[in-house]
Amino acid sequence: MADPGGEQRAALLVVASLFPVPDGAHFSYGTAGFRAEGSTMAPAVCRAGIVAALRSVKLGGAAVGMVITASHNPVDDNGVKIVDADGGMMSRAWEPFSDALANAPTPDALLQLVLQFAKDEGITLGEGHSAQVLLARDTRPTGEYLLDVATKGINAIVGSVALDMGILTTPQLHWMVRNKNRGLKSSQLDYFTQITESFRHLLELTPDDKGSDKLTEKLIVDGANGIGGLKLEEIKPKLASLDIVVRNSGKEGEGILNERCGADFVQKEKVHPAGFGPSDVGVRCASFDGDADRLVYFRIASPSSTMIDLVDGDKILSLFVLFIREQLDIVNEKDNKVLPTRFGVVQTAYANGASTEFLKNLGLEVVFTSTGVKYLHEKALEYDIGIYFEANGHGTVLFSDEFVSRLESLTSKFSSKDAGSTQHEAALRLLATTQLINQAVGDALSGMLLVEAILQHKGWSLQNWCDLYTDLPSKQLKVKVKDRTCIVTTDAERKVFQPSGLQELIDREVGNYCEGRCFVRPSGTEDVVRVYAEASTAEAADRLAKSVAQVVERILG
Ligand SMILES: CC(=O)N[C@H]1[C@@H](OP(=O)(O)O)O[C@H](CO)[C@@H](O)[C@@H]1O
Ligand SMILES: [Mg+2]
């Protein structure tokens, strides 16, 4: 093993002894990084800092990111996830090492793990290499402390530089990392300028006959008392065409992060968030999660109930699909296939069955992956245009580099020869969309602006959007078991493979219901087994979920 030198060894030993893993603690790099109660996160965060710095060294000094957040989880939790140099999630191939490092029991064990991994990966330590890690955190009280811990971890790889980008939404940091490594402008101001300018371009391209009054109708945004609300307040003056009211804005004293508010709460509970009430009945509302990488829309149905009409990630996806396909068809109409058209729609098992049916009826290829953005994103990258969404509101639209460069040459060709033509305008709309929607990860701010621009383009109310299809009633439950990892799934998590016999029992329950569908899987972020059920009525979906939850309890205790 090449000796990295005394300085490097000492730095690793020192930092490992500063943040030892307590007896009995175990960290696991789950669906979205390490997560636990904030006050217990220091060992995992420090070691994630080491991993991020090593990743940057491995990639020749390209910028890598680290976000300190626990997203929609309670305010006392915190977490950390690593952003790869392309702006996406850290390569899955590095997760086993991250797990092993986070749990290394002694400073010496940690040192040996780093040395062995560096050797296996061909990473040269301790000499003239460079590494840079961009850091951000959300608004949690433990964030500042954990950011400092992360910096210590990063600095333990000699030659690394940690850059604190401040309090940001998770998608802002992903965007910054991607842009930086592409040699593009990458500050927060650049991000704000890009999304607000491309939004303005899209509005300018709205057909004259469409109801411009729709946007003057109020939009109320639930910021989950997190960072998304604060950033939205910051850009609101640049969105003068929208009448936006921010509630649960994240301002001091307004409420507790994610407590009875935010996209996760709204989507799972199907009731309106705190701070909303009867006076908001019928108004178009949107909800972000605590780190603003999820977006759902909703409307309070009646003054006498807390129930909402939910417009979830599946319906946002459907709206994006309709708009992009329509513009693509216009551009390609005359010059057949002037733009590449491999169009992929990616969902998970949690997608409402009615949405999948709707998309298939449009003649689209719908593919399924396991839960977790890293899987959906990876799949979407295989297409010229890859659209993915989780039902919970995390998703985006990815355009391949080739698609964007063909689109750029096409728009300049049109501007000199065919300016103002229908085709030219459709191409410009697509180009503005590639600029508006975050290419690194799902982004509530940019996603919301695209939704607003499309509703305006179509002259649609929230009702028109809701009417695309009717969701099948569904129910989600959590079951506490001794060891959730006993459940092994297959077929994009739609079938249980182990323990044997469990799938047959689920099938038997499902067989009792009309339009019944049900699956179970171990959560990657909580110590529970999740049960999801769909059926033709809400009451039947509840009953199916409950009976399958009982089966899981019986088998796994
Ligand atoms: C049913 C559900 O909403 N699951 C969420 C949740 O993962 P679980 O592995 O189900 O705990 O958190 C993930 C990270 O935010 C998100 O990607 C995923 O969709
Ligand atoms: Mg989130």
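A224 is buried, because 35 other C-beta atoms lie within 10 Å and the cut-off for being buried is 20 or more. Please keep in mind throughout that this is a predicted model. You can find A224 in the loop between β6 (219-222) and α9 (227-235). Its backbone is worth a look: A224 is not a glycine, yet its phi is positive, at about 60°. Most residues other than glycine have a negative phi, and most peptide bonds are trans.

K270 also has a positive phi without being a glycine, here of about 55°. Look for K270 in the loop between α10 (263-269) and β8 (284-288). P499 sits in the loop between β17 (495-498) and α18 (502-510).

## Where α2 meets α5

Now let's turn to a pair of helices. Helix α2 covers residues 42-58 and helix α5 covers residues 143-155; they pack with their axes 7 Å apart, at an angle of about 40°. That angle makes α2 oblique to α5. The crossing of these two helices, α2 and α5, is right-handed.

Which residues make the contact? On the α2 side they are A42, V45, C46, R47, A48, G49, I50, A52 and A53, and on the α5 side L146, V149, A150, T151, K152, G153 and I154. Sorted by class, the contact of α2 with α5 has eleven nonpolar residues, three polar ones and two charged ones.

## Where α2 meets α3

Helix α2 also has a contact with helix α3 (residues 95-102): the axes of α2 and α3 cross at roughly 135° and come within 9 Å. The two helices, α2 and α3, are therefore oblique to each other. The crossing of α2 and α3 is right-handed.

From α2, the contact draws on P43, A44, R47, A48, I50 and V51, while α3 brings F97, S98, L101 and A102. In the contact of α2 with α3, eight residues are nonpolar, one is polar and one is charged.

## A closer look at α5

How far apart are the end C-alpha atoms of α5? They are 18 Å apart, which agrees with the 18 Å that its 13 residues should span at 1.5 Å a residue.

The buried residues of α5 are L146, L147, V149, A150, T151, G153 and I154. What covers these buried residues of α5 includes the helices α1 (6-18) and α2, together with the strands β2 (63-68), β3 (77-83), β4 (131-137) and β5 (160-167).

Our last stop is helix α15, which runs over residues 422-436. Its 15 residues reach 21 Å from the first C-alpha to the last, close to the 21 Å expected at 1.5 Å a residue.

How many of the 15 residues of α15 are buried? Twelve are, so α15 is mostly covered. The buried residues of α15 are Q423, H424, E425, A426, A427, L428, R429, L430, L431, A432, T433 and L436.

Terms used:
Residues are numbered from 1 along each chain as its sequence is written. Chains are lettered from A and ligands numbered from 1 in the order in which they are written. This is a predicted model: local features need pLDDT of at least 70, side-chain atom pairs count only at pLDDT 80 or more; totals for chains, interfaces and linings use all residues. Helices (H or I, at least four residues) and strands (E, at least two) are DSSP runs, numbered from the N terminus. The expected span of a helix is 1.5 Å times one less than its number of residues. Axes are lines fitted to C-alpha atoms, for helices over the stretch in contact, and angles run from 0 to 180 degrees between N-to-C directions. Angles under 35 degrees count as roughly parallel, over 145 as roughly antiparallel, 65 to 115 as roughly perpendicular and the rest as oblique. A crossing is left-handed if the near helix is turned anticlockwise from the far one by less than a right angle, and right-handed if clockwise. Two residues are in contact if their C-beta atoms, placed from the backbone, lie within 7 Å. Ala, Val, Leu, Ile, Met, Phe, Trp, Tyr, Cys and Pro count as nonpolar, Asp, Glu, Lys and Arg as charged, and the others, Gly among them, as polar.
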